[in-house]
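Hi there,

Here is the structure I promised to pass on to you. Have a look at it first, and then read on for what I found in it.

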Protein chains: 2
Amino acid sequence: MNSLDSTTVVQIGIIVKDVEKTAGAYAELFGIQRPEVVPIASDAFAHTNYRGGASPAQAKGAFFDLGPVQMELIEPVGAPSTWEEFLRTHGEGIHHIAFKTRDMSEARAFLASKGMETVQHGGWDGGQYAYVDGSKQLGLILELLHFDK
Amino acid sequence: MNSLDSTTVVQIGIIVKDVEKTAGAYAELFGIQRPEVVPIASDAFAHTNYRGGASPAQAKGAFFDLGPVQMELIEPVGAPSTWEEFLRTHGEGIHHIAFKTRDMSEARAFLASKGMETVQHGGWDGGQYAYVDGSKQLGLILELLHFDK
């Protein structure tokens, strides 16, 4: 692999302190109903790994489909996670942009060859994700998303 | 106006220290040629206004069209500007997400009624922009874009 599979941004992830409150503010902004707040990394599919070790950290999320891009609000619950680390060190703000990948291992290896390490990875019922720290090279964290189907 | 005109994210803006270098890293990531670095807010159309006063601040930019969303890399040049302020207070990172609007004044007034103030506005040969500070309510800065055509 010599580049990412896809250059289409599919998600923007924002870390917030209070997902109910912030999701309410976005719903008002967009003139839509507030989406349901859902648990993230809370089930048997999570397998959350943070900087090389298993982590019990979870999050609460709210998702807005904004045309072709999904906005994900994330409130960290517990630690350690990239979500909790970001809130503690940066405060609220945009945490990541996400791209789809066909082969998670290859994509992670390609990014590692550019000096960008995976800081957290895990899964859900339907796929896997990895957060790759491109702060030095790209000014942000990338999320890779792999969907089983 | 009771909500934004559009809920489609059209641009993600990232503040960087060295736009040539970071644009090169993104080009390598995406397997494409590095886009040209172009001046921002440098011509007679700029009329840059920062927190209520005219500002000579400029920037250097590089643009990547990532599917339906454009990624804008911004290196602040001079001050004062929201770009320079962000780099100084946050370091490199994602500065804004942008939405199109048909009526800039109405959109700014709607956001102001929600406690979100315009921190910078200006124009280019073809349109106008406004950065609105939603950090407290939304966890980010919004950019409103109005295209003349």
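Let's begin with one pair of residues: A:Pro39 has A:Lys60, in strand S5 of chain A, as its bridge partner. Please keep in mind that this is a predicted model. Chain A has an average pLDDT of 96, and 100% of its residues score at least 70. For the model, the ipTM is 0.93 and the pTM is 0.95.

**The sheet in chain A**

Strands of a sheet pair through backbone hydrogen bonds, and the pairing can be parallel or antiparallel. In chain A, 10 strands make an open sheet with mixed pairing, in the order S2-S5-S6-S1-S7-S10-S9-S8-S3-S4. Which strands stand at the edges? They are S2 (38-40) and S4 (53-54) of chain A; each has a single partner strand, so one side of each is left without a neighbour in the sheet.

Two helices of chain A lie across strands of that chain. Helix H1 (residues 19-30) lies across S1 (11-15), S5 and S6 (69-77), and runs at about 5° to S5(A). Helix H3 (residues 104-113) lies across S8 (118-124), S9 (127-134) and S10 (140-147), running at about 160° to S10(A).

**How the two chains are related**

Two copies of a chain are related by a rotation about an axis and a shift along it.

**Strands and a helix in chain B**

Now follow B:Gly61 through its neighbours. In the antiparallel pairing of S2(B) with S5(B) (residues 58-66), which has three bridges, B:Gly61 is the bridge partner of B:Val38. B:Gly61 also has a bridge partner in S6(B), namely B:Ile74. S5(B) and S6(B) (residues 69-77) pair antiparallel over nine bridges. These two strands form a hairpin with two residues between them, and B:Gly67 in the turn has a positive phi of about 60°.

Helix H2 of chain B covers residues 82-90, and its buried residues include B:Trp83 and B:Phe86. At the start of this helix, a side-chain oxygen of B:Ser81 comes within 3.3 Å of the backbone nitrogen of B:Trp83. Just after H2(B), B:Gly91 has a positive phi of about 80°.

**A closer look at B:His47**

You can find B:His47 in the loop between S2 (38-40) and S3 (49-50) of chain B. Is B:His47 buried or exposed? With a relative accessible area of 63%, B:His47 is exposed. A polar atom of the B:His47 side chain lies 3.4 Å from the backbone oxygen of B:Ala44. Leaving out residues up to four places away in sequence, B:His47 touches B:His121 and B:Gly122. B:Gln128 is 81 residues from B:His47 in sequence, with a C-alpha to C-alpha distance of 9.7 Å.

Enjoy exploring, and write back with any questions!

Best wishes

Conventions
Residues numbered from 1 in each chain as written. Chains lettered and ligands numbered in written order. Heavy atoms only, no water. Helix = DSSP H or I, 4+ residues; strand = E, 2+ residues; numbered from the N terminus. Buried < 20%, exposed > 50% of the residue type's maximum accessible area, 1.4 Å probe, protein only. Contact = heavy atoms within 4.5 Å. Polar contact = N/O pair within 3.5 Å; in protein donor to acceptor, adjacent residues only side chain to side chain. Pairing = 2+ DSSP bridges. Axes fitted to C-alpha atoms, helices over the stretch in contact; angles between N-to-C directions. pLDDT = per-residue confidence, 0-100.
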